Amino acid sequence: MMTLNIRIIAPDRTVWDAEAQEIILPSSTGQLGILTGHAPLLTALDIGVMRVRVDKEWMPIVLLGGFAEIENNQLTILVNGAEGASQIDLSEAEKNLDTATQLLSDASSNKEKIEATQKIRKARARVQAATAATS
């Protein structure tokens, strides 16, 4: 069976370097599914949950924005940061989401609103990933 070779590279380390059958990326235009034989593509990534299918198992990984390039079944993802679902404490992630939501409602300046919105998106992605990993 054909597989995709995936490398996720953060500024401080290679987060993932493995084969998978299917990927769903949080692209800036919505969810983007990638299978083997995908046309060459360069896309911007949002803060969100990437899902990787290895055999029958789906693994969620939080991506904190970046770029993905696919060519010849080689998917390279350059991200600002990434976290595997197993590293996430769900109750802590939920608390962070509540805190970020409160920050947004208290925000007065545009800068504060943008920062709070980014925190919410990051916290929401962490909650999603941790929830998916436990279900």
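Trainee: Where is Ala93 placed?
Mentor: Ala93 sits in helix α1. Helices here are DSSP runs of H or I with at least four residues, strands are runs of E with at least two, and both are numbered from the N terminus. This is a predicted model, in which local features need pLDDT of at least 70 and side-chain atom pairs count only at pLDDT 80 or more, while totals for chains, interfaces and linings use all residues. Residues are numbered from 1 along each chain as its sequence is written, and side-chain values use heavy atoms, with hydrogens and water left out.

Trainee: Does Ala93 count as buried or exposed?
Mentor: Ala93 counts as buried, because its relative accessibility is 0%. Buried means under 20% relative accessible area, exposed means over 50%, and partly exposed is in between, with a 1.4 Å probe and protein chains only.

Trainee: What does Ala93 touch, apart from residues up to four places away in sequence?
Mentor: Ala93 touches Ile88, Ala123, Arg126 and Val127. Contact means heavy atoms within 4.5 Å.

Trainee: OK, Ala123 then. Where is that, and is it buried or exposed?
Mentor: Ala123 belongs to helix α2. Ala123 is buried, with a relative accessible area of 6%. Leaving aside neighbours within four places in sequence, Ala123 is in contact with Ala93, Asn96 and Leu97. Ala123 and Ala100 are 23 residues apart in sequence, and their C-alpha atoms are 7.7 Å apart in space.

Trainee: Back to α1. How many residues does it have?
Mentor: Helix α1 covers residues 90-106, which is 17 residues. From first C-alpha to last it reaches 24 Å, close to the 24 Å expected at 1.5 Å a residue. The expected span is 1.5 Å times one less than the number of residues.

Trainee: Which residues of α1 are buried?
Mentor: Ala93, Leu97 and Ala100 are buried in α1. Seen down the helix axis, the buried residues of α1 fall within an arc of 70 degrees, so they line one face. The arc is taken from the directions from the helix axis to the C-beta atoms.

Trainee: Why would residues three or four places apart point the same way?
Mentor: An α-helix has 3.6 residues a turn, so residues at that spacing point the same way.

Trainee: And what is on the face of α1 turned away from the buried side?
Mentor: That face carries the exposed residues Lys95, Asp98, Ser105 and Asp106.

Trainee: New topic. What about Ala20, is it buried or exposed?
Mentor: Ala20 is buried, with a relative accessible area of 0%. Ala20 is found in strand β2, residues 13-20. Not counting residues up to four places away in sequence, Ala20 touches Thr3, Leu4, Ile6, Val52, Arg53 and Val54.

Trainee: Which residues have a positive phi without being glycine?
Mentor: Asp55 is one of them, with a phi of about 55 degrees. Asn72 is another, with a phi near 50 degrees. Most residues other than glycine have a negative phi.

Trainee: Where are those two?
Mentor: Asp55 lies in the loop between β5 and β6. Asn72 lies in the loop between β6 and β7. Asp55 is exposed at 52% relative accessible area, and Asn72 is exposed at 69%.

Trainee: And Asn73, buried or exposed?
Mentor: Asn73 counts as buried, at 17% relative accessibility. Asn73 is in the loop between β6 (57-71) and β7 (74-79). Not counting residues up to four places away in sequence, Asn73 touches residues including Met2, Thr3, Thr36 and His38.

Trainee: Last thing, the largest pocket. How much space lies in it?
Mentor: The largest pocket holds about 160 Å³ of space. Of the 13 residues that line the largest pocket, Gln31, Ile47, Gly48, Val49 and Gln128 are the closest to its centre. On a 1 Å grid over the protein atoms alone, a pocket is an open set of points with protein on both sides within 12 Å along at least five of seven lines, and lining residues have an atom within 4 Å of a point. Grid points are joined across faces, edges and corners, and the volume is the space filled by probe spheres set on the points, with a 1.4 Å probe.

Trainee: Which element supplies the largest share of that lining?
Mentor: Strand β5 does, with five residues of the lining of the largest pocket.
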